[in-house]
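Hi,

Here is the structure I promised to pass on. Have a look at it first, and then read my notes below.

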Amino acid sequence: MDDLGWLGLACDLARLCPPSTTAFSVGAVIVDANGREIARGFSREGDPHDHAEEAALAKAGILVGRAGRLRGATVYSSLEPCGARASRPRPCAELIVASGARRVVFAWREPSLFTAGTGAEILAAAGVEPVELPELADRAREPNAHLL
Ligand SMILES: [Zn+2]
């Protein structure tokens, strides 16, 4: 599957999010360097504070100290990973940097509704390539129409 296919899957996963009036619905998929899926997740999957990337990274073991395990992987997220957040100490962009992932492909640049959208800048500064595919932005926005 190519970038558009994986990112489309991430956009579809966003539809599984429990509804929220205060947080975005996002889907994420982590794919290894050989194009195999490692993990997937969506917002509020296990806890009301879960972000999609975090849910997927947790399944890949990244939140329990296995930093660097995702070397060479690509993280697909319907929304630009957050660069700052109120509910937990580490934003998704920092977790992704720690994971060792090489690229982040996203559809929708975070609107400055809840936080400043600095995830892509944090990633790029740390050597993780951010790739925006705006052709899927409408699909990423759709489950969030009530917030916009
Ligand atoms: Zn996040």
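To start with, is C92 buried or exposed? With a relative accessibility of 0%, C92 counts as buried (buried is under 20% relative accessible area, exposed over 50%, and partly exposed in between, using a 1.4 Å probe and protein chains only).

Before you read on, some housekeeping. This is a predicted model, in which local features need pLDDT of at least 70 and side-chain atom pairs count only at pLDDT 80 or more, while totals for chains, interfaces and linings use all residues. Residues are numbered from 1 along each chain as its sequence is written, and side-chain values use heavy atoms, with hydrogens and water left out.

(Helices, H or I with at least four residues, and strands, E with at least two, are DSSP runs numbered from the N terminus.) H51 counts as partly exposed, at 24% relative accessibility.

Helix 3

Helix 3 spans residues 92–99, and its buried residues are C92, A93, L95, I96 and S99. They cover an arc of only 160° around the axis, so they are on the same side of helix 3 (the arc is taken from the directions from the helix axis to the C-beta atoms). Their cover includes helix 2 (52–59), strand 3 (74–79), strand 4 (103–108) and helix 4 (119–125). After helix 3 comes G100, with a positive phi near 90°.

E53, E54 and L57 of helix 2 meet C92, L95, I96 and S99 of helix 3, where contact means heavy atoms within 4.5 Å. E54 counts as buried, at 6% relative accessibility. Helix 2 and helix 3 pack at an angle of about 30°, with their axes 9 Å apart, and are therefore roughly parallel to each other. (Axes are lines fitted to C-alpha atoms, for helices over the stretch in contact, and angles run from 0 to 180 degrees between N-to-C directions; under 35 degrees counts as roughly parallel, over 145 as roughly antiparallel, 65 to 115 as roughly perpendicular and the rest as oblique.)

Cheers
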